[in-house]
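These are my notes from going through one model, entry by entry.

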Amino acid sequence: MQKPFGVIFKLYIQLPILFSVLGVLYTRNNTFKPSNQYLAMSDTTQHPAHFGFGRVATQAEIDRLDIDIRPDGKGLPAGSGLAAKGKIIFDAKCVACHGTGGIGGPNGSLVTTTSQEKSKQTEKTIGNYWPYATTVFDYIRRAMPFNQPGSLTNEEVYHLTAYLLSANKLIDEKTVIDAKSLPKVIMPAQKLFVPDDRKGGPEVK
Ligand code: HEC
């Protein structure tokens, strides 16, 4: 009885040691070895001047993202649009979600109707809710069509903007919409918005 017990006991001790040595050897050969650049940072508590990741964005990359348009029209690109041309694009790319003429689609009306104007519970649309016409261009260009944002050309966005403003009876259907005329369109809802001029002090409740 003594001898087999001794052998088993030795294996109990030796096998774990053997496996851990093998494990250490395996890990040493397979672990990610950080480059000197990162090792140099690992022993400092200081915030490094830079982390060594990424690169400076190119002007073309910045231009692609820097597309915001201010309420006064700053940022509007070259080009112009007409309601009649916008209707053709709208019927092809927008009507499925926003309804014929921009009324009553599954994703919401964009155009105010006279029946809506009369009822108290109005659906918010460009005509009765948006304070700036320039936002129509900005929003369509960056977000629509919902299933393919960014796919429209500036010219197409101008046509669509002209169409939606005309359908909301905010411009005449012959009005040419461009960087000059768009900021001048008066939106009925603008007077309903109150500029928030609080300073962030005790007057803020
Ligand atoms: C696949 C469906 C779909 C298509 C196609 C689509 N839209 Fe939209 N649209 C939406 C959805 C959904 C919203 C609401 C998005 C949100 O609130 O974030 C929206 C919102 C809008 C709004 C803002 C409405 C508001 O008053 O808040 C405008 C303007 C608009 N779409 C214009 C267009 C135009 C122009 C096209 C065609 C070029 C288009 N959409 C195509 C789904 C769609």
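**Terms.** I call a residue buried if 20 or more other C-beta atoms lie within 10 Å of its own, exposed if 12 or fewer do, and partly exposed in between, with C-beta atoms placed from the backbone. Helices (H or I, at least four residues) and strands (E, at least two) are DSSP runs, numbered from the N terminus.

**Source.** The model is predicted: local features need pLDDT of at least 70, side-chain atom pairs count only at pLDDT 80 or more, and totals for chains, interfaces and linings use all residues. Residues are numbered from 1 along each chain as its sequence is written.

**Overall.** I found nine helices and two strands in the protein chain. Along the sequence they follow the pattern α-α-α-β-α-α-α-α-α-α-β. The protein chain has 205 residues, of which 21% count as buried. I also looked up contacts between residues at least 6 apart in sequence, and 60% of these join residues at least 24 apart.

**Helix α8.** Which residues of α8 are buried? I noted T134, V136, F137, I140 and R141. Seen down the axis of α8, these buried residues fall within an arc of 165 degrees, so they line one face of the helix. The arc is that of the directions from the helix axis to the C-beta atoms. As background, an α-helix has 3.6 residues a turn, so residues three or four places apart point the same way. I then checked the partners: the buried residues of α8 pack against α7 (126-129) and α9.

**Helix α9.** I looked up the span of α9 next. This helix has 14 residues and reaches 20 Å from its first C-alpha to its last, close to the 20 Å expected at 1.5 Å a residue. The expected span is 1.5 Å times one less than the number of residues in the helix. Eleven of the 14 residues of α9 are buried, so the helix is largely enclosed by the rest of the structure. Among them are V157, H159, T161 and S166. What do the buried residues of α9 pack against? I listed β1 (80-81), α4, α7, α8 and β2.

**Nonpolar core.** By a nonpolar core I mean a set of buried Ala, Val, Leu, Ile, Met, Phe, Trp, Tyr and Cys residues joined through C-beta atoms within 7 Å. The largest one holds 28 residues, and V136, F137, L160, Y163, L164 and L165 touch the most other members. The elements that give two or more residues to this core are α4 (83-93), α8 and α9 (154-167). α9 gives the most, with eight residues.

**Y158.** This residue lies in helix α9. Y158 is buried, with 28 other C-beta atoms within 10 Å. Y158 and G79 are 79 residues apart in sequence, yet 7.2 Å apart in space, C-alpha to C-alpha. Leaving aside neighbours within four places in sequence, I found Y158 in contact with G79, S80, G81, I177 and D178.

The ligand is surrounded by 18 residues, the closest being C94, C97, M144, P145 and F146. The elements that give two or more residues to this shell are α5 (95-98) and α8 (134-143). The largest share, three residues, comes from α5. By class I have eleven nonpolar, five polar and two charged residues in the shell. Here Ala, Val, Leu, Ile, Met, Phe, Trp, Tyr, Cys and Pro count as nonpolar, Asp, Glu, Lys and Arg as charged, and the others, Gly among them, as polar.

**Backbone.** I found P145 in the loop between α8 and α9. The peptide bond from M144 to P145 is cis, with omega near -10 degrees. K169 sits in the loop between α9 and β2 (177-178). Phi of K169 is near 60 degrees, a positive value in a residue other than glycine. With 13 C-beta neighbours inside 10 Å, K169 counts as partly exposed.

**I67.** I placed I67 in the loop between α3 (59-65) and β1. I67 and D138 are 71 residues apart in sequence and 7.7 Å apart in space, C-alpha to C-alpha. I67 touches R141 and R142, not counting residues up to four places away in sequence.

Note on methods. Near = placed C-beta within 6 Å. Contact = placed C-beta atoms within 7 Å.
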